[in-house]
Amino acid sequence: MKNFLTAALGLAIVGAATLAQAQAQAPAAAPAAAATPQQAGFVKSVRGSVQLLDGAGATRNAAPGDALGAVDRIVTGPDSSAAVVLRDNTTLMVGPSSRMDLKEFHFDGTTRDGGMLVSLLRGSMRMITGLIGKTNPDAVRVETQTATIGIRGTDFIVQTDGQP
């Protein structure tokens with residue numbers, strides 16, 4: 001019994017030391033998280049051929065879990081679609097044969113202040129607004145070839161044929 005208590009006490013000490021070490025390192029990891037303000041969200045799901053084009057012009061095939069930058073383009077092929085979740089919990093579903101630009105996205109999780117501008121160049125998109133749309137609807141804008149839409153609801157669909 002004495003050996004069991006000694007072993008249990010030793011494991012408790014090691015666990016406490018590991019926890020203390022992890023907590024001591026946590027502030028050092030905070031700047032790394034703050035160093036990614038350009039990440040607007042992530043790709044939740046992909047069906048078919050979906051590509052992401054970043055602000056520098058680099059193209060990559062989209063996969064679930066991929067980061068989405070604050071100024072990325074999503075291009076879907078025929079019979080393809082993608083779902084994206086932004087940091088404020090806005091959800092964008094991009095339909096087949098679509099091209100959508102996330103032209104601007106900024107969000108402060110502490111103050112819940114932010115704004116976004118989405119441009120649908122062709123195809124279709126469904127948006128379910130997150131915290132930005134709920135706290136400041138005027139800060140959410142969607143552009144098409146012929147109009148800019150101000151958001152008043154929280155769930156809507158936009159479709160464009162891509163012709164000016």
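# Close-up views

**View 1. Lysine 103, at 41% relative accessibility, counts as partly exposed.** Here, buried means under 20% relative accessible area, exposed means over 50%, and partly exposed is in between (1.4 Å probe, protein chains only). Welcome to a predicted model, where local features need pLDDT of at least 70, side-chain atom pairs count only at pLDDT 80 or more, and totals for chains, interfaces and linings use all residues. Lysine 103 forms a salt bridge with glutamate 143, with 3.1 Å between the closest N and O atoms. Lysine 103 sits in strand β8 and glutamate 143 in strand β10 (residues 140-143), so this pair ties together parts that are 40 residues apart in sequence. Strands (E, at least two residues) and helices (H or I, at least four) are DSSP runs, numbered from the N terminus. Glutamate 143 is partly exposed too, at 21% relative accessibility.

**View 2. Arginine 73 meets aspartate 101 in a salt bridge, at 2.5 Å from N to O.** The two residues are 28 apart and link distant parts of the chain: arginine 73 belongs to strand β5 (residues 73-76) and aspartate 101 to strand β8 (residues 99-108). A salt bridge is a side-chain nitrogen of Lys or Arg within 4 Å of a carboxyl oxygen of Asp or Glu. The structure holds two salt bridges. Is aspartate 101 buried or exposed? Aspartate 101 counts as buried, with 11% relative accessibility. Arginine 73, with a relative accessible area of 22%, is partly exposed.

**View 3. The largest nonpolar core has 27 residues.** Ile74, Leu86, Met100, Phe105, Met116 and Met125 have the most contacts inside this core. At least two core residues come from each of β1 (39-47), β2 (50-53), β6, β7, β8, β9 (113-128) and β10. Which strand gives the most? That is β9, with five residues. A nonpolar core is a set of buried Ala, Val, Leu, Ile, Met, Phe, Trp, Tyr and Cys residues joined through side-chain atoms within 4.5 Å. In soluble globular proteins, nonpolar side chains tend to be buried together.

**View 4. Here we look at the surroundings of leucine 86.** Setting aside neighbours within four places in sequence, leucine 86 is in contact (heavy atoms within 4.5 Å) with Ala40, Gly41, Leu68, Leu92, Leu102, Phe105 and Met116.

**View 5. Strands β6 and β7 run antiparallel and are joined by four bridges.** Two strands pair if DSSP finds at least two bridges between them. Which residue of β7 is the bridge partner of alanine 83? The partner is methionine 93. The hairpin of β6 and β7 has four residues between the strands, and asparagine 89 takes a positive phi near 75 degrees there. Asparagine 89 lies in the loop between β6 (81-86) and β7 (91-94), and is exposed, with a relative accessible area of 53%. Four bridges also join β7 to β9, which run antiparallel; leucine 92 has methionine 127 in β9 as its bridge partner.

**View 6. Two further loop residues, serine 97 and glutamine 145.** Serine 97, in the loop between β7 and β8, has a positive phi of about 50 degrees although it is not a glycine. Serine 97 is partly exposed at 35% relative accessibility. Glutamine 145 lies in the loop between β10 and β11 (148-150) and is partly exposed at 37%. The C-alpha atoms of glutamine 145 and serine 119 are separated by 8.4 Å, with the residues 26 apart along the chain.

Notes
Residues are numbered from 1 along each chain as its sequence is written. Side-chain values use heavy atoms; hydrogens and water are left out.
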